[in-house]
Structure formats: structure tokens, C-alpha cells
Amino acid sequence: MYKSLIRPILFRFDPEKIHHFTFSSIRFLNSIPGVPALIHSTYSLNDPRLEREVFGLKFKNPVGLAAGLDKDAIAFKELGNMGFGFIEIGTLTPKPQEGNPKKRLFRLRQDSALINRMGFNNGGVAAAAERLKKNPSGKNHVLIGGNIGKNKVTPNEEAVNDYIICFEALYDYVDYFVVNVSSPNTPNLRELQDKEPLTKLLSALMEKNAAKPKQKPILLKIAPDLTDGQLLDIIDIVKETGIAGVIATNTTISREGLLSDAKNETGGLSGKPLAKRSTEVIRFLSEKSGKAFPIIGVGGIHSADDAIEKLEAGASLIQLYTGFVYEGPQLIKDINERILEG
């Protein structure tokens with residue numbers, strides 16, 4: 001029903017405006033008695049064979065929602081009800097920021113892709129933390145990842161402070177952290193992926209983490225545009241800093257092979273064109289590191305086959321973003337059913 005009826009209507013409107021409308025609609029529907037149970041029964045699969053224990057956390061299934069859709073932790077409970085094993089919120093920054101000028105989100109229908117240059121638009125980490133306080137513990141707890149970044153006005157020399165502020169604000173309310181230094185939409189941010197500044201940043205966060213009564217897993221999200229040499233540096237950095245793992249990959253600045261009119265828009269490209277490169281990065285990291293750390297695979301997953309490719313390449317978990325926009329919540333169930341088939 002989503003692909004044949006709902007998506008054609010949604011895709012008639014501006015992508016960013018329809019995003020906010022969709023989130024409001026999801027929250028409204030879930031406020032109607034009986035509807036949450038209906039949604040859950042339609043899309044969720046509760047089977048112990050789907051459970052995964054990764055970096056010390058127990059996931060009810062390996063299919064998560066990538067950061068970027070629920071930036072401000074507005075609909076994590078409702079999205080979790082659709083069958084996701086975990087929800088990643090953010091990217092969050094210390095101070096609220098509007099992001100880049102609109103229009104900044106583009107559909108590439110011929111390519112089953114999106115280009116965004118949002119620029120870490122969010123209401124600030126404190127506001128998100130307040131919402132996350134409503135995430136119940138126990139059986140109904142939604143497993144949450146907190147994706148953190150720096151404000152646009154913060155120079156790279158002071159970026160560590162921004163990440164620490166976000167870490168401290170979210171520590172009590174998220175299950176794991178993701179350090180985002182790979183978005184192409186904040187000026188000079190990707191320079192923090194270089195070995196020296198990245199090691200400094202991750203070491204500072206791990207030091208803060210070690211001082212806590214219970215350590216939370218800290219992961220690094222990397223760009224698909226890194227060279228093999230840079231990926232080998234990432235393996236060294238993970239080993240040196242002791243972080244829990246890597247998310248591969250963020251959006252790409254490549255435009256190779258695109259057909260859609262919006263292909264020349266600046267920003268990060270996500271969706272089907274990213275699938276091959278994302279899988280290559282996962283396989284490279286897994287093989288060259290000797291499977292030394294967990295990898296969350298994300299990028300171009302639009303079918304159960306795409307998901308299985310990521311898992312076979314070395315991913316322990318996967319995340320959806322653009323595939324969820326194009327395929328709808330049935331994709332979550334399709335992937336989990338395929339995993340159960342073996």
C-alpha cells in the first residue's frame with residue numbers, strides 16, 4: 001500500500017515539507033487507541049533468532065534506522081513500533097542551528113536516491129535529551145543511538161568541546177554514541193577524519209567515557225569517499241583509541257552514473273547509487289582488520305538482498321535511511337523475514 005498509494009502522493013510535494021508532515025502523521029496515528037498495536041503486528045517480527053548482541057548491547061533484530069530522519073528524537077517510539085531493532089537520532093549539536101538555506105533536500109527518482117545539504121539542522125542536544133527522558137526502561141525501551149556533531153560556527157580546533165558537550169548531555173538517555181565527522185554539509189568537518197585530529201577527538205571522548213560508572217559504546221561514522229590508505233588509518237585509530245566500532249558509510253559526494261536532473265545539486269548523496277561502495281568499505285574494513293570490531297552497514301539498502309550483501313560483507317547490524325523513504329516500513333519486515341530464512 002505504501003509504494004502503490006501513499007508514496008506517489010507524498011512524492012508530489014517538497015521533500016523537506018513532506019518529511020515534517022509525515023512525522024506529524026505518524027505521531028498522530030500512534031495516538032489513536034488500537035493503531036500502535038495494529039502497526040506493530042503488521043511490521044514487527046519478534047523472534048529470538050533475530051536477536052543480536054553487539055558491543056555489549058542486545059538488539060531485538062539487526063535492522064536499525066540511520067541518523068538523519070529523526071534528528072531531534074521526536075518520533076523514536078513510533079518508529080520503533082514499525083519493527084526497527086534500534087533507532088539512531090541526530091545528528092545533534094550543542095546549540096540549536098537552522099542548518100543550510102532551503103531548498104536543501106532533493107529526490108532523485110530515476111536513481112532511487114536523495115541528495116541533502118541539510119547542515120546539521122536540529123533543535124540542540126538539550127531539547128532532544130528532554131524527549132529521550134520519556135523512553136521507558138524495560139520491555140518497552142527503544143534502543144537508541146545518539147549521533148553527535150559540532151556546530152557550524154565552532155572551529156575545528158575547538159570541535160572536541162562540542163562533542164564532549166553532546167556526550168555529557170545524552171549519556172543518561174542513549175544506549176550508544178556515534179561520532180559524526182563525515183557529513184559533507186558542514187564546512188571543513190571532514191578534515192576531522194584525518195588521523196591526528198580524529199585520534200585526539202575519539203581519545204577525549206573515551207577518556208570521558210572511562211570516568212562514567214558504566215561505559216557506553218562509542219562508534220565512528222565514516223565517509224564512503226575515503227581511500228584505502230585512509231581506511232587503514234581508521235583501522236589503526238579504532239585499535240589505538242579502543243572505540244566500539246564503525247558505521248560504514250555516510251553519504252557520498254560522488255555523482256558517478258546518476259540519471260536524475262538533480263544530480264548536480266551539492267550535498268551528500270544517499271540511496272541505491274551508494275550501495276556498491278558502502279559494501280566495498282564494509283568488506284575492506286572487516287577483512288583488513290581481521291574482523292577486529294563490529295561494523296554497522298548503511299548505504300543503498302532498498303531490498304532484503306541489499307541487506308544480506310552488507311551482512312555477508314562483514315556488517316553485524318544494518319541501518320536504513322533512503323531505502324525506508326522509498327520502500328516504506330515493509331522493507332524492515334522483508335529483511336528480517338529473509339534473515340530468518342537463512
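Axes here are lines fitted to C-alpha atoms, for helices over the stretch in contact, and angles run from 0 to 180 degrees between N-to-C directions. Helices (H or I, at least four residues) and strands (E, at least two) are DSSP runs, numbered from the N terminus. Hello everyone, and thanks for coming. Before the tour, a word on the source: this is a predicted model, where local features need pLDDT of at least 70, side-chain atom pairs count only at pLDDT 80 or more, and totals for chains, interfaces and linings use all residues. Residues are numbered from 1 along each chain as its sequence is written, and side-chain values use heavy atoms, with hydrogens and water left out.

Let's begin with helix pairs. Two packed helices are described by the angle between their axes and the distance between the axes. Take helix α7, residues 195-210, and helix α8, residues 228-241: their axes are 10 Å apart and the packing angle is about 25°. Angles under 35 degrees count as roughly parallel, over 145 as roughly antiparallel, 65 to 115 as roughly perpendicular and the rest as oblique. So α7 and α8 are roughly parallel to each other.

What is the handedness of the crossing where α7 passes α8? It is right-handed; a crossing gets that label if the near helix is turned clockwise from the far one by less than a right angle, and left-handed if anticlockwise. With contact meaning heavy atoms within 4.5 Å, Lys195, Leu198, Thr199, Leu202, Ser203 and Met206 on the α7 side meet Asp233, Ile234, Asp236, Ile237, Glu240 and Thr241 of α8. By class, that contact has 5 nonpolar, 3 polar and 4 charged residues. For the classes, Ala, Val, Leu, Ile, Met, Phe, Trp, Tyr, Cys and Pro count as nonpolar, Asp, Glu, Lys and Arg as charged, and the others, Gly among them, as polar.

Next pair, please. Helix α5 (residues 125-132) and helix α6 (residues 159-170) have axes that come within 9 Å and cross at roughly 20°, so α5 and α6 are roughly parallel to each other. Their crossing is right-handed. Here Val125, Ala129 and Leu132 of α5 meet Cys166, Ala169 and Leu170 of α6, and this contact divides into 6 nonpolar, no polar and no charged residues.

The last pair is α10, residues 304-313, with α12, residues 330-341; the axes come within 9 Å and cross at roughly 55°. That angle is why α10 and α12 are oblique to each other. This crossing, too, is right-handed. From α10 we have Ala304, Asp305, Ala307, Ile308 and Leu311, meeting Leu331, Asp334, Ile335, Arg338 and Ile339 in α12. The tally for α10 with α12 is 7 nonpolar, no polar and 3 charged.

On a 1 Å grid over the protein atoms alone, a cavity is a set of points where a 1.4 Å probe fits but cannot get out, and a pocket is an open set with protein on both sides within 12 Å along at least five of seven lines; lining residues have an atom within 4 Å of a point. Grid points are joined across faces, edges and corners, and a volume is the space filled by probe spheres set on the points.

How many cavities of 30 Å³ or more does that rule give? The count is 1. The largest cavity has a volume of about 350 Å³. Its lining has 30 residues, with Ala67, Asn116, Lys221, Asn250 and Thr251 nearest the centre. Two or more lining residues come from each of β4 (86-92), β11 (268-271) and α11 (322-327). By class, the cavity lining has 10 nonpolar, 18 polar and 2 charged residues.

The largest pocket has a volume of about 1300 Å³. It is lined by 46 residues, and Leu10, His19, Thr22, Phe23 and Ile26 lie nearest its centre. Which element gives the most to that lining? It is α2, with 14 residues. The lining of the largest pocket divides into 26 nonpolar, 12 polar and 8 charged residues.

To finish, some backbone details. Most residues other than glycine have a negative phi, and most peptide bonds are trans. The bond from Gly90 to Thr91 is cis, with omega near 15°, and Thr91 is found in strand β4. Another cis peptide bond joins Ala248 and Thr249, with omega about 15°. Finally, Phe55 is not a glycine, yet has a positive phi of about 35°; Phe55 lies in the loop between β1 (52-54) and β2. Thank you, and I'm happy to take questions.
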